[in-house]
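Hi,

Here is the structure I promised to pass on. Have a look at it first, and then read my notes below.

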Amino acid sequence: MRVDLHNHTILCNHAEGTVKEYIEKAISLGIDVYGFTDHAPMEYDPKYRMDIIHKEFYENNVLYLKELYKNDIEILLGYEVDFMQNIPMLKEVLNAKVDYLIGSIHFLEPKIKTSNDNEPWGFDNPEFIGKYKKQNIDDIWIDYFDVVKAMADSNHFDVVGHLDLIKVFKFLPNKDIKIIATDALKAIKKANMVIEINSAGLRKPIAEQYPSKDLLELAYEMDIPITFSSDAHSVDQIGFSYDKVTSLAKEIGYSKCATFKARDRQLVTF
């Protein structure tokens, strides 16, 4: 079974193409289960996410097309939710009637706020790339995985979005990545979450899927399930490098991946 569970729509303000175009491309690629997980509304950084006024339209549109295409493909409804330790998530999103929620980290908040450094920074946004040179790289990675752990500990989510997104611009730590990430992975396991193998990293400067092979091997040792995602923001990105990421998963030892229905997880053979 071919599964692709992390994809966006134009409502997030930085994607292209209609929902119908995405579905028809997924069908043409032989995708069996296709999930829409647009960037959820939040009272922060509205430039890169859905507005709360579009929430009902988004959900109803996906559900309408789910029914329309039910004989050709299984469509799932979800959200990608930004987790930030000091900025609240909307209850309307956390309590939404969806198939699953992806918890992702796109911002790091300064631990000690000063007059010159008191705002979260979007570490995967090229606008903020200079921040990497102002801090110790190991500290940045440790801070990032501390937030991943806090996200897992919140018990709000089903899937971890792009686990090691912090590597996007190739600023890699000096410390062993497995050691840095171990506590976060333990929290993910405890929370009964799934890790996505997200092929979008292959389109970025790091030129590697999220997460790395090392972290996937550690997740496999911990018996943490996986799923697959192309993180498409345009029609041509749907199913991106699917064969490459599934081959990697099989090489590590995985043979099943997760899909969802009304927050209930099931594992299917890929």
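**The sheet**

Seven strands make up an open sheet with parallel pairing, in the order S1-S2-S3-S4-S7-S8-S9. Strands here are DSSP E runs of at least two residues and helices are H or I runs of at least four, both numbered from the N terminus; two strands pair if DSSP finds at least two bridges between them. S1 (3-4) and S9 (226-229) stand at the edges with a single partner strand each, so one side of each has no neighbour in the sheet.

Helix H7 (residues 242-252) packs on the sheet and touches S1, S9 and strand S8 (194-198), where contact means heavy atoms within 4.5 Å. The direction of H7 makes about 165° with that of S9 (axes are lines fitted to C-alpha atoms, for helices over the stretch in contact, with angles from 0 to 180 degrees between N-to-C directions).

Elsewhere in the sheet, S4 (residues 100-104) and S7 (residues 159-160) pair in the parallel sense over two bridges. Gly103 stands opposite Val160 in S7.

Before you go further: this is a predicted model, in which local features need pLDDT of at least 70 and side-chain atom pairs count only at pLDDT 80 or more, while totals for chains, interfaces and linings use all residues. Residues are numbered from 1 along each chain as its sequence is written, and side-chain values use heavy atoms, with hydrogens and water left out.

**The pockets**

A pocket is an open set of points on a 1 Å grid over the protein atoms alone, where a 1.4 Å probe fits, with protein on both sides within 12 Å along at least five of seven lines; lining residues have an atom within 4 Å of a point. The largest pocket holds about 700 Å³ of space (the volume filled by probe spheres set on the points, which are joined across faces, edges and corners). Its lining has 32 residues, and His14, Tyr48, His106, Asp124 and Lys204 lie nearest its centre.

The second largest pocket has a volume of about 240 Å³. It is lined by 18 residues, with Leu108, Glu109, Pro110, Lys111 and Asp143 the closest to its centre. H4 gives the largest share of that lining, four residues.

**Aromatic pairs**

There are 15 aromatic pairs in the whole structure (Phe, Tyr and six-membered Trp rings with centres within 6.5 Å; planes under 30 degrees apart are stacked, over 60 edge-to-face, the rest tilted). Tyr22 and Phe36 form a tilted one, 6.3 Å centre to centre with 40° between the planes. Tyr22 is in helix H1 (residues 19-28) and Phe36 in strand S2 (residues 33-39), so this pair ties together parts 14 residues apart in sequence.

Cheers
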